[in-house]
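User: I am new to reading protein models. Can we go through this one step by step?

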Amino acid sequence: MAIDVDTTSGAWTKQRRKASQKANRKLHRKEYTWAAIFMAAPVIGWLAFLLFPLGFSVYASFTNWNGLGAMSWIGLDNYVRLVNDPYFWKALWNTVFYMIGIPIGLALSLLLALALARRIPGRTFFRTVYYIPVISSLAAIAILWQWAYNGDFGLVNQFLAIFGIEGPNWLMDPTWSKPALIIMAIWKGLGYSTILYLAAVQAVPRSLYEAAALDGANAWQRFRTITLPMVRPVTFFLVVTNIIAGSMIFTEINIMTPTGGPNWSTASLVWYIWNQAFRNLSMGYATSMALVLGILVLIVTVIQFRLNRRNDFSIE
Amino acid sequence: MRKKGMAAAAVTVAGALLLAACSSDGSSGGDASEEPDTSGGDAPNELTFMFRGGEYDKLAYETAIAAFEEETGADVTMIITDADQYATKLQAAIAGNQVPDVFYVEPGRIQGYVYANVLADLTEYVDQSVIDNIWDFGVDAYRFNVETGERGLDGDPFFALPKDVGPFGFGYNTVMFEEMGLEAPSPDEPMTFAEFTDLAKQLTVDKDGDGELDQWGTGLNVVWNSQAFVWGAGADWISEDQKTVTVDTPEFAEALQWFADLGLVEGVTPSAEQAQTLDTYQRWMAGEIGFFPVAPWDIGTYNQVAADNPDTFGYDVIPYPVANAGDDWATWLGSLGIAVSENSKNKELAAQLATYLSTDLEAQKILAENKVQIPNLIDYATGEWLETDALAAGWPANTKAFVEIAQEKGRPLPGTWTYTPEWYDNFWVGIESVVDTGDQTAADYVAGKQTEMQMLLDQSWVSADQAKAQG
């Protein structure tokens, strides 16, 4: 029995498949092209606004450059100068000192968040009040706090006087100038941290607290073993971002203590960098300090990520 | 279709990049898209003028610019910025090659900007007759010898004209002197340090008898006031050739120690805790301090305080004290310049505008009438203004002291004529140990500072030479 094979139809099917494959390939190619174009946007942005400036900064840090004229290559001279510059180290120390405010601010924020999570009267009002400093201009706040810290007429010392405490001349006293700026920074950042903690606290499943209560856990035990671990991702985020932001502290120092404070006690590293770049026309040297600061922040952040990963846990 | 698609993609990419550029600035609160275009004008009659200042500066310049536009057919765009951001924005404009045609420049910036070919030499554009009618300091502050690096020497090219000259005068509370039955200080002859101390002691009293002082002879911030006393003792921070730091001389140490002892030994100033600048400024205006600085930019405020509190506050200007009778008194004189971009497409017209802004009589009258500055024009300032206009506008009785400072007694702040002021700034780091706590004598302090300051000054000269070589 002869089998009738429709070779014409087969060829046609083959042809059609081929055409379909070709169309598919073309479509894929087109899609790939579009995908590449859209992916190029952030890549080009990253190259133009991050990698190029970073590369430029690295190069500038090895040059003698006043920010106006041409650069001249001086190798590691800026870094040698930096190591031997006592003001760099003092500014770095001041900047690190300002970080003391981070754990204090976080602890206060968590306490506030726990309070605001309760059904207390006027909690919306309090949430708003605590958030106002966050959205206020830092320059305006710095001017207000400068007045508040005035040794004679300032609100801070007037408040302390109610309790019989004779307050120091905050911004003119080398011992108290840094704590004064830390207090202001905590006040300014409290609302932001509180809002994040509030969201985290409210997201903790009630069932965990109920189970713990059934097992006889008291309030402190519930806080320590449930709340604290559950809000840890927020704590981690806040620590990382606060350290990065804290290392860049500048505006309040430049406004409240424009000469770096008594005995240079408030000068932060970014303030010193800015002075070298724009007042002393040492843009190359300023860039080298900025890079060192950037590397230090990077190292601290990497360490934090490592520590966070080691302590990570999940709830089944 | 494909072309349309590619065009759409290009727009998308451009948009994304723009958004990235804008969002990257979020933390500083600025918005790149709101930044004015500071670049110079393109058309033959177009100019941009970038400056900082208050409402009266704006009013005066609008008047001058309107007259200038009418006279020359120019089209001037004014760009005004906040005072504290001006220097940074100007530097950014220079780095971005968007230098305005005409702009304010501080005297201390001249060297760096000239070496970087930012400033036009105005010598050939401005008539000598115009220069002759401006305070010498007003032009000398912008003179610079590119070859030798020397500043302020008559005959050298100048790279800006003065927006103003700012005499930092000394004053006393006239009401307090009358109340205490004390003879007012001479408006012409400076007191000696000893006479000043004696008067300050008489003014320092416990008025209400509660056992605590509530009126003091003086209360001066060391960073802004010690210059006059150091110069009045024949000492200085730097040698005339601007190459040697001279703070370690006996005259300097004695003057600084005397200044510190006003508070530490004589007790004629509020205590260290009370002596913030703001405090002594407030105390002066509250009628609690006898002697305090008086500068043109304070006149409006002081007049208001005097009008509101005629029983406690009134003031006049006097010369700064000197170490010994017969010594020459001096104080510092600031200035802000109006410069022209070297790359302006309309350099000649821009130079004309700078001249107009600096010397237009109507603009000068507006600024002087509103107590913003003393006039730049010598003939007007020493004639009609001093004789009638100043008093009518509410300037103090002895306004001629300001004119005297502008004419001959004024000097630039140390550090103004060196490439960078870092060496001079360094002097103030730790000064509290001398003037506030007395932990260190002035002699020890200046001896220790000299080496560090000299090193920074040498570095400044090295940097200047390098900037000159790099161009």
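Predicted model: local features only at pLDDT ≥ 70, side-chain atom pairs only at ≥ 80, totals over all residues.

User: How many helices and strands does chain B have?

Analyst: Count the two kinds of element separately. Chain B has ten strands. Its helices number 19.

User: Why does chain B count as being as compact as a globular protein of its length?

Analyst: Start with the rule. For 471 residues the globule rule gives 23 Å. The radius of gyration of chain B is close to that, so chain B is as compact as a globular protein of that length; the radius is 25 Å.

User: What share of the contacts in chain B with a separation of 6 or more joins residues 24 or more positions apart?

Analyst: Take the contacts in chain B with a separation of 6 or more. Then pick out those between residues 24 or more positions apart. Their share is 73%.

User: How far apart are the mean positions of the positive and negative charges of chain B?

Analyst: Chain B carries 23 positive and 78 negative charges.

User: What area do chain A and chain B bury between them?

Analyst: The size of an interface is often given as the accessible area lost when the parts come together. Here the contact takes 38 residues from chain A and 39 residues from chain B. Carbon and sulfur atoms hold 56% of the buried area. The area that chain A and chain B bury between them is about 3200 Å².

User: Which three residues supply more than any other three of the area that chain A buries against chain B?

Analyst: Look at the chain A side. Three residues there supply 17% of the area that chain A buries against chain B. They are L68(A), F278(A) and R279(A).

User: Is N150(A) buried or exposed?

Analyst: N150(A) sits in the loop between helix 6 (138-148) and helix 7 (155-162) of chain A. Its C-alpha atom is 6.6 Å from that of N169(A), 19 residues away along the chain. The cut-off for buried is under 20% relative accessible area. N150(A) has 2%, so it is buried.

User: What is the phi of W264(A)?

Analyst: W264(A) lies in the loop between helix 12 (251-256) and helix 13 (269-279) of chain A. W264(A) is buried, at 7% relative accessibility. It is not a glycine, yet its phi is positive, about 60°.

User: Where is K371(B) found?

Analyst: K371(B) also has a positive phi without being a glycine, about 55°. Its place is the loop between helix 14 (361-369) and helix 15 (378-393) of chain B.

Terms used:
Residues numbered from 1 in each chain as written. Chains lettered and ligands numbered in written order. Heavy atoms only, no water. Helix = DSSP H or I, 4+ residues; strand = E, 2+ residues; numbered from the N terminus. Rg over C-alpha atoms; globule rule 2.2 N^0.38 Å. Contact = heavy atoms within 4.5 Å. Lys, Arg positive; Asp, Glu negative; His and termini not counted. Charge placed at Lys NZ, Arg CZ, Asp CG, Glu CD. Buried area = accessible area lost by both parts, 1.4 Å probe. Buried < 20%, exposed > 50% of the residue type's maximum accessible area, 1.4 Å probe, protein only.
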